[in-house]
Amino acid sequence: MANTEIFLRNIFGTTRPNIRPLVLALNITNDLLFEQHISMSDIKATKHIYPDVARLLHKKPETVYKSVIRLAHRCWDALVIWFFLIWDAL
């Protein structure tokens with residue numbers, strides 16, 4: 001979990017929201033893909049990822065879903081901004 005959290009903190013910088021749901025979702029996805037060798041097309045987030053994250057965080061799967069989606073959008077926005085800053089510098 002430490003490497004994933006460090007990676008996301010580098011993308012977000014200092015951020016106020018709790019990034020643990022996204023960190024756990026990424027770690028579970030990593031486990032399913034690379035350790036259990038389940039293909040990406042067979043993984044269903046609502047069945048395989050969100051319930052496990054919800055159980056680990058003692059929250060409802062719907063709450064985890066909303067949190068992960070919100071954080072993923074913020075991550076995407078941060079990466080797009082970072083990309084355009086680098087692109088303009090070239």
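Predicted model: local features only at pLDDT ≥ 70, side-chain atom pairs only at ≥ 80, totals over all residues.
Guide: Residues are numbered from 1 along each chain as its sequence is written, and side-chain values use heavy atoms, leaving out hydrogens and water.

Visitor: How many helices and strands are there in the chain?

Guide: Helices (H or I, at least four residues) and strands (E, at least two) are DSSP runs, numbered from the N terminus. Here you get four helices and zero strands, so the pattern along the sequence reads α-α-α-α.

Visitor: What share of the chain's residues is buried?

Guide: Buried means under 20% relative accessible area, with a 1.4 Å probe and protein chains only. In this chain, that covers 28% of the 90 residues.

Visitor: And which residues line the largest pocket?

Guide: On a 1 Å grid over the protein atoms alone, a pocket is an open set of points where a 1.4 Å probe fits, with protein on both sides within 12 Å along at least five of seven lines; lining residues have an atom within 4 Å of a point. In this case they are Leu22, Ala25, Leu26, Thr29, Ile49, Tyr50, Val68, Ile69 and Ala72.

Visitor: Which helix gives the most to that lining?

Guide: H2 does, with four residues. Helix H2 (20-35), helix H3 (45-57) and helix H4 (61-89) each supply at least two.

Terms used: Buried < 20%, exposed > 50% of the residue type's maximum accessible area, 1.4 Å probe, protein only.
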